[in-house]
Amino acid sequence: MEKKHLIGLSPEVLAEELEELKQPRYRAKQVIDWVFAKGVFEFAEMSNLPAALRASLAERFNVCLPEIVTVQGSADTTRKLLLKLVDGRFIECVLIPASPALYGQGSDRLTLCVSSQVGCAFDCKFCASGLAGFDRNLEVHEIVGQVLAARKIAGQRIDNLVFMGMGEPLANLANLTRSLEVLNAPWGLGIGARHITVSTSGLAPMIRKLAEIPMQIRLAVSLHGATDEVRSRIMPVNKRYPLEELFRALEEWRSLRKQRITFEYILIRGINEAPDQARELAARAKSLGAKVNCIPYNTVEGLDWERPSEEAQDAFREILEQAGVPATLRREKGHDIDAACGQLRLREVGDLPVGKKIS
Ligand code: SAH
């Protein structure tokens, strides 16, 4: 019999499974507590359970986390984790310390940038994650497992989550929404919905579906072009869901949520950085009450895009601000270890980054 993954099961569902083993319901709560509250992933160590139950749990369930292969530290204390999944595939996630601008000096808040798929099918022309194509969706236990593994490395709680790692979260919607429940649940990781951001390349129908879930999660949209002409050049997904359709879905989202939508906008020299794009972007952002994160393009090996000059970056942001659109220009964290936006990619084992090996 193939073992079920325990991470992802709610206490209610687990209680039903345990009924078959003639166990009282409260045992389920105890098991879930070991995993999420205490971070114990061996049934043998769950000392308040009878030995016979521990053994039968171990026969039926798997509680393994993705294996932490390397942890690379960056000069700005961002850390990138390379994780190996049970089928030997690799994903990456990134621990990002609090920005003093947001939380004040000395804050120890932590954000984790998680992956939702192995590889990516959307082929954005500036992004490393799609270079080797799409491999497979991540399962719930693998999405949640990234957070549990990162918490172990960090030795502290993870406060914020951003689905901005490898993959398109909305192309893995069923597993994404079930993961969100576990990440948010008091019995799970207890991360507040407002501290969870899902980022999408703009899958309009899926945005509508995600809008139906009753959690006040935040939405970020990778826009990168304010006209169809510019956006389609660098994001093939725009041919499927052009701006008009995307914005209709975003308006629906907006009508159901209080928080502002965030637009991510990479600045690429000679492509989308001109003042007229900034003005178009400002008008679009204003129509939705959205804010904009401008991100100077991060170098991806094998791609020859470039960042605009710093003056052009600042000018772009100023046009947004003057139009009354809240805009930041994010000087990236983790650039030196290829852990910044768009730099996460599939790797061969022979190509492991040099980092601290974790046994
Ligand atoms: N597929 C989703 C989730 C990935 S988020 C999405 O597209 O939103 C990854 C973020 O990094 C996106 O905003 C993406 O556009 C951005 N990104 C990709 N390549 C980049 C690069 N070379 N430099 C800076 N940001 C990049």
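A residue counts as buried under 20% relative accessible area, as exposed over 50%, and as partly exposed in between. The model described here is predicted. In this model Arg218 has a relative accessibility of 28%, so Arg218 is partly exposed.

The protein as a whole has 359 residues, and 54% of them are buried. Its secondary structure comprises 12 helices and 15 strands. Among contacts with a separation of 6 or more, 67% join residues 24 or more positions apart. The accessible surface is about 15,900 Å². Carbon and sulfur atoms contribute 50% of that surface.

Arg218 sits in strand S11, which covers residues 218–222. Beyond its neighbours within four places in sequence, Arg218 contacts a run of residues that includes Ala193, Arg194, Ile196, Thr197 and Val198. Trp253 and Gln259 are also in contact with Arg218. A polar atom of the Arg218 side chain lies 2.7 Å from the backbone oxygen of Arg194. Ser199 is 19 residues from Arg218 along the chain, and the C-alpha atoms of the two are 8.5 Å apart.

Helix H6 spans residues 173–184. Buried residues of H6 include Leu173, Leu176, Leu180, Val182 and Leu183. Asn175, Thr177 and Ser179 of H6 are buried as well. The cover over these buried residues includes three helices: H2 (26–37), H5 (140–154) and H7 (204–211). Strands S8 (134–137), S9 (160–163) and S10 (196–200) also take part in that cover.

In soluble globular proteins, nonpolar side chains tend to be buried together. The largest nonpolar core of this model holds 112 residues. H5 supplies the largest share of this core, eight residues. Residues come to the core from both domain 1 (4–62) and domain 2 (67–349), so the core lies between the two domains. Leu250 illustrates the packing. Setting aside residues up to four places away in sequence, Leu250 touches Ile207, Leu219, Val221, Ile261, Phe263 and Leu288.

Technical notes: Residues are numbered from 1 along each chain as its sequence is written. This is a predicted model: local features need pLDDT of at least 70, side-chain atom pairs count only at pLDDT 80 or more; totals for chains, interfaces and linings use all residues. Side-chain values use heavy atoms; hydrogens and water are left out. Helices (H or I, at least four residues) and strands (E, at least two) are DSSP runs, numbered from the N terminus. Buried means under 20% relative accessible area, exposed over 50%, partly exposed in between (1.4 Å probe, protein chains only). Contact means heavy atoms within 4.5 Å. Accessible areas come from the Shrake-Rupley method with a 1.4 Å probe; for residues, only the protein chains shown count as cover. A polar contact is a pair of N or O atoms within 3.5 Å; within protein, one must be able to donate a hydrogen and the other to accept it, and residues adjacent in sequence count only if both atoms are side-chain atoms. The expected span of a helix is 1.5 Å times one less than its number of residues. A nonpolar core is a set of buried Ala, Val, Leu, Ile, Met, Phe, Trp, Tyr and Cys residues joined through side-chain atoms within 4.5 Å. Domain bounds come from an automatic or database domain assignment.
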